[in-house]
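I wanted to know how the inside of this protein is packed. My entries follow the structure.

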Amino acid sequence: MEKLRFKVIATDPLYERMLRLELLRMGHTEAEENSRDYQLLCAEGMCELPPLRRLKAAIFIDCGLLSAAMPEQVKLLILGKPFSLREFRDFVTYVYEHEDEKVYEENQLVISPEDMTVSFGGNVVKLTPREFALLDYLHARPGETISRAELLENLWRDAKARDTNVVDVYVRFLRAKLDEPLGLRLIRAVRGEGYVYAYERVHGAAIQAEA
């Protein structure tokens with residue numbers, strides 16, 4: 001099982017270093033500075049929250065009401081100072097051991113990695129592994145335009161695919177499967193740059209089914 005990717009934010013540099021080193025010592029991986037792709041947030045003090053889309057769990061240390069901003073499905077550990085490193089480690093270990101159970105939910109849209117399905121308004125769409133990987137990659141960085149070159153490099157290892165329009169083809173596959181059946185638009189093209197995940201409801205079968 002791949003180790004958790006984590007992000008640490010803290011008002012106290014000493015706490016930031018301690019928390020980072022503890023998580024690294026446990027074998028987990030720190031997310032890159034501007035990355036939105038991480039499962040664990042560890043925050044100390046009243047810090048500004050980073051994007052929370054892929055978050056699995058959060059540890060708050062003397063953060064007051066900051067936890068009120070967390071989505072319901074995120075597992076929380078609230079600690080005061082001083083705190084028990086054993087409790088800290090046990091919580092992180094629990095989250096890591098249950099990482100494969102992740103299901104992403106947003107505005108009644110459910111994306112399930114386990115069976116590679118997307119559901120909304122009572123409708124369920126099954127995706128192929130490649131289709132799901134493309135949707136999942138875009139969904140991990142909402143609102144950010146991701147170039148075709150990056151998608152090719154990370155999702156298509158075959159060098160023969162580099163000079164083809166395979167990304168555009170698979171985006172069309174996803175749109176055909178998701179847009180009309182679910183009554184949503186999830187992937188938008190940015191001319192000359194790439195694609196962006198942007199949740200948008202439109203009139204369609206899924207919305208009519210809700211009524």
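I started at Leu135 and skipped its neighbours within four places in sequence. Leu135 is in contact (heavy atoms within 4.5 Å) with Ile111, Val118, Leu127, Leu174, Leu178, Ile187 and Tyr197.

A note on the source: this is a predicted model, where local features need pLDDT of at least 70, side-chain atom pairs count only at pLDDT 80 or more, and totals for chains, interfaces and linings use all residues. Residues are numbered from 1 along each chain as its sequence is written, and side-chain values use heavy atoms, with hydrogens and water left out.

Buried means under 20% relative accessible area, with a 1.4 Å probe and protein chains only. The core holds 27 residues, and Leu135, Leu151 and Leu178 touch the most other members. Elements giving two or more residues include α3 (129–139), α4 (148–155) and α5 (166–182); helices are DSSP runs of H or I, at least four residues, and strands are runs of E, at least two, numbered from the N terminus. The largest share, six residues, comes from α5. I also found a second, separate core of 20 residues, with Val8, Ile61, Phe83 and Phe91 among them.

Then I turned to α4. Leu151, Leu152 and Leu155 are buried there. They sit on the same side of α4 because they cover an arc of only 100° around the axis, taken from the directions from the helix axis to the C-beta atoms. Their cover includes α3, β10 (146–147), α5 and β12.

Notes. A nonpolar core is a set of buried Ala, Val, Leu, Ile, Met, Phe, Trp, Tyr and Cys residues joined through side-chain atoms within 4.5 Å. Buried means under 20% relative accessible area, exposed over 50%, partly exposed in between (1.4 Å probe, protein chains only).
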